[in-house]
Amino acid sequence: MKSLFKAILLAAVLVSGTMMLTSCGTPFPLGCLYTNVYMPGALGDGEMQYNCRGYVSCYNFLGWFAGGNASHNLAAKAGNMKKISWTTLHIENYLGIFGRYTNVVYGVGEEADPTVKSVADYE
């Protein structure tokens, strides 16, 4: 009976400790099991014209380790753009174990990306 109580107490301590270490307040919706959301960014002039896209990501493991460079400057450079129209943040999280945060920057550049559709293609 004593060992069962100790096991339950240890499990309760581990669960509560994990809950305290994983932040409850985030600036975006975060699911416990799975997250796959797109959030608006706040950079650029808001024009709906673009011919280039740039992607950069940073990563999170267990909420303990994080790294990467998801800056607007690096994303614009990756997309070969001269002018940023707007940005989007794509958030993926799997069981709180692995997270990827991708900054997607849309803009105008001299060399158009052939994979980018025009706004008219979506109407």
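**View 1. Val 105 and its contacts in the predicted model.** In this predicted model, Val 105 is in contact with Cys 52, Arg 53, Gly 54, His 72, Ala 75, Met 81, Ile 84, Trp 86 and Thr 87, when its neighbours within four places in sequence are left aside. Val 105 also belongs to the largest nonpolar core, which is made up of six residues in all, the others being Cys 52, Val 56, Ala 75, Ala 76 and Met 81. Strand S2, covering residues 52–61, and helix H2 are the elements that give two or more residues to this core.

**View 2. Two cysteines, Cys 52 and Cys 58.** Cys 52, one of the residues of the largest nonpolar core, has a relative accessible area of 1%, and because buried means under 20%, Cys 52 counts as buried. Cys 58, by comparison, has a relative accessibility of 22% and counts as partly exposed. The structure holds zero disulfides.

View 3. Gly 79 lies in the loop between helix H2, residues 72–78, and strand S4, residues 83–94. Although its place is in a loop, Gly 79 counts as buried, with a relative accessibility of 8%. The C-alpha atoms of Gly 79 and Val 108 are separated by 9.1 Å, while the two residues are 29 residues apart along the chain.

**View 4. Asn 60 in strand S2.** Asn 60 is found in strand S2, and at 18% relative accessibility this residue counts as buried, because the limit for that word is under 20%. Leaving aside neighbours within four places in sequence, Asn 60 is in contact with Phe 65, Ala 66, Ile 97, Phe 98, Gly 99 and Tyr 101.

**View 5. A nonpolar patch on the surface.** Leu 33, Tyr 34, Tyr 59, Phe 61, Leu 62, Trp 64, Phe 65, Tyr 94, Leu 95, Ile 97 and Phe 98 together make a nonpolar surface patch of about 1,200 Å². Among them, Leu 95 is placed in the loop between S4 and strand S5, the latter covering residues 98–108, and with a relative accessibility of 55% Leu 95 counts as exposed. Phe 65, Ile 97 and Phe 98, which are included in the patch, are also among the contacts of Asn 60.

**View 6. The salt bridge between Glu 92 and Arg 100.** Side chains of opposite charge can pair when their charged atoms come close. Here the side chains of Glu 92 and Arg 100 meet in a salt bridge, with 2.6 Å from N to O, and the count for the structure comes to one salt bridge. Glu 92 is buried, with a relative accessible area of 8%, whereas Arg 100 counts as partly exposed at 29% relative accessibility.

**View 7. The protein chain as the setting for the close-ups.** The secondary structure of the chain comes to two helices and five strands, and, read along the sequence, these elements follow the pattern α-β-β-β-α-β-β. Of the 123 residues of the chain, 25% count as buried. The chain exposes about 8,800 Å², of which carbon and sulfur atoms supply 65%. Among the contacts with a separation of 6 or more, 70% are accounted for by residues 24 or more positions apart.

How values were computed
Residues are numbered from 1 along each chain as its sequence is written. This is a predicted model: local features need pLDDT of at least 70, side-chain atom pairs count only at pLDDT 80 or more; totals for chains, interfaces and linings use all residues. Side-chain values use heavy atoms; hydrogens and water are left out. Helices (H or I, at least four residues) and strands (E, at least two) are DSSP runs, numbered from the N terminus. Buried means under 20% relative accessible area, exposed over 50%, partly exposed in between (1.4 Å probe, protein chains only). A disulfide is a pair of cysteine sulfur atoms within 2.5 Å. A nonpolar core is a set of buried Ala, Val, Leu, Ile, Met, Phe, Trp, Tyr and Cys residues joined through side-chain atoms within 4.5 Å. Contact means heavy atoms within 4.5 Å. Patches are made of residues with over 30% relative accessible area and no salt bridge: like charges are joined within 9 Å, nonpolar side chains (Val, Leu, Ile, Met, Phe, Trp, Tyr) within 5 Å. Accessible areas come from the Shrake-Rupley method with a 1.4 Å probe; for residues, only the protein chains shown count as cover. A salt bridge is a side-chain nitrogen of Lys or Arg within 4 Å of a carboxyl oxygen of Asp or Glu.
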